[in-house]
Amino acid sequence: MKIIEIIKDIFDDVDATDQRYEDSLKDSGRYVPSYRRRRGSPGIWLLFLPQILGFVLGLAIAKMIGGGYLVFGVLAAFGVGTYKSVSFDKITLKYALLRNAIILVMITLFFGAVILLSSAD
């Protein structure tokens with residue numbers, strides 16, 4: 001499978017999650033379409049949540065060991081994200097490893113851009 005197909009699949013999963021959330025709001029009667037209101041994207045949060053929780057777990061492990069916060073954080077984020085993809089999403093291990101590596105690169109680029117923009121005072 002090509003990297004472009006994996007990235008497209010990641011964004012398709014985000015769109016599908018957003019659509020399911022919007023459908024559930026319509027079914028419950030709480031959907032109010034408004035162009036002025038900014039809506040969040042639950043698909044992005046569900047995509048990044050395992051990596052964020054894994055990073056926090058890695059920080060806790062690094063605190064117990066006494067160092068290497070970034071290394072343990074990234075490794076734990078990668079491990080938890082891969083575990084979620086294999087166990088809950090029923091994705092093969094090879095595809096889950098590639099998918100989570102791409103997601104971690106996306107997160108790193110996002111936070112890197114935020115840090116660069118905030119330091120450009």
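These notebook entries record what I looked up in the structure, which is a predicted model.

**Entry 1: the largest pocket**

I began with the largest pocket, which holds about 330 Å³ of space. I then listed the residues that line the largest pocket: Gln51, Ile52, Phe55, Leu70, Val74, Ala77, Leu104, Ile107, Thr108, Phe111, Gly112 and Ile115. Helix 2 (42-65), helix 3 (69-87) and helix 4 (93-118) are the elements that each supply two or more residues to this lining. Helix 4 contributes the most, with 6 residues. I also sorted the lining by class and noted 9 nonpolar residues, 3 polar residues and no charged residues.

**Entry 2: Gln51**

I next looked up Gln51, one of the residues lining the largest pocket. Gln51 belongs to helix 2. Is Gln51 buried or exposed? Its relative accessible area is 3%, and buried means under 20%, so I recorded Gln51 as buried. The side chain of Gln51 makes a polar contact of 2.5 Å with the side chain of Asn100. Leaving out residues up to four places away in sequence, I found that Gln51 touches Ala77, Gly81, Asn100, Ile103, Leu104 and Ile107.

**Entry 3: helix 3**

I checked whether the length of helix 3 agrees with its residue count. At 1.5 Å a residue, its 19 residues should span 27 Å, and I found the end C-alpha atoms 26 Å apart, which agrees. Which residues of helix 3 are buried? I noted Gly73, Ala76, Ala77, Gly81, Thr82 and Ser85. These buried residues pack against helix 2 and helix 4.

**Entry 4: Arg99**

I turned to Arg99, which is found in helix 4. Arg99 has a relative accessibility of 4%; the limit for buried is under 20%, and therefore Arg99 counts as buried. What joins the side chains of Arg99 and Asp13? I found a polar contact of 2.9 Å between them. Apart from neighbours within four places in sequence, Arg99 is in contact with Ile6, Asp9, Ile10, Asp13, Leu47, Ser85 and Ile91. Among these, Ser85 is a buried residue of helix 3.

**Entry 5: Val114**

Lastly, I looked up Val114, which also lies in helix 4. Its relative accessible area is 39%, which falls between the 20% limit for buried and the 50% limit for exposed, so I recorded Val114 as partly exposed. I then compared its position with that of Thr82.

Terms used
Residues are numbered from 1 along each chain as its sequence is written. This is a predicted model: local features need pLDDT of at least 70, side-chain atom pairs count only at pLDDT 80 or more; totals for chains, interfaces and linings use all residues. Side-chain values use heavy atoms; hydrogens and water are left out. On a 1 Å grid over the protein atoms alone, a cavity is a set of points where a 1.4 Å probe fits but cannot get out, and a pocket is an open set with protein on both sides within 12 Å along at least five of seven lines; lining residues have an atom within 4 Å of a point. Grid points are joined across faces, edges and corners, and a volume is the space filled by probe spheres set on the points. Helices (H or I, at least four residues) and strands (E, at least two) are DSSP runs, numbered from the N terminus. Ala, Val, Leu, Ile, Met, Phe, Trp, Tyr, Cys and Pro count as nonpolar, Asp, Glu, Lys and Arg as charged, and the others, Gly among them, as polar. Buried means under 20% relative accessible area, exposed over 50%, partly exposed in between (1.4 Å probe, protein chains only). A polar contact is a pair of N or O atoms within 3.5 Å; within protein, one must be able to donate a hydrogen and the other to accept it, and residues adjacent in sequence count only if both atoms are side-chain atoms. Contact means heavy atoms within 4.5 Å. The expected span of a helix is 1.5 Å times one less than its number of residues.
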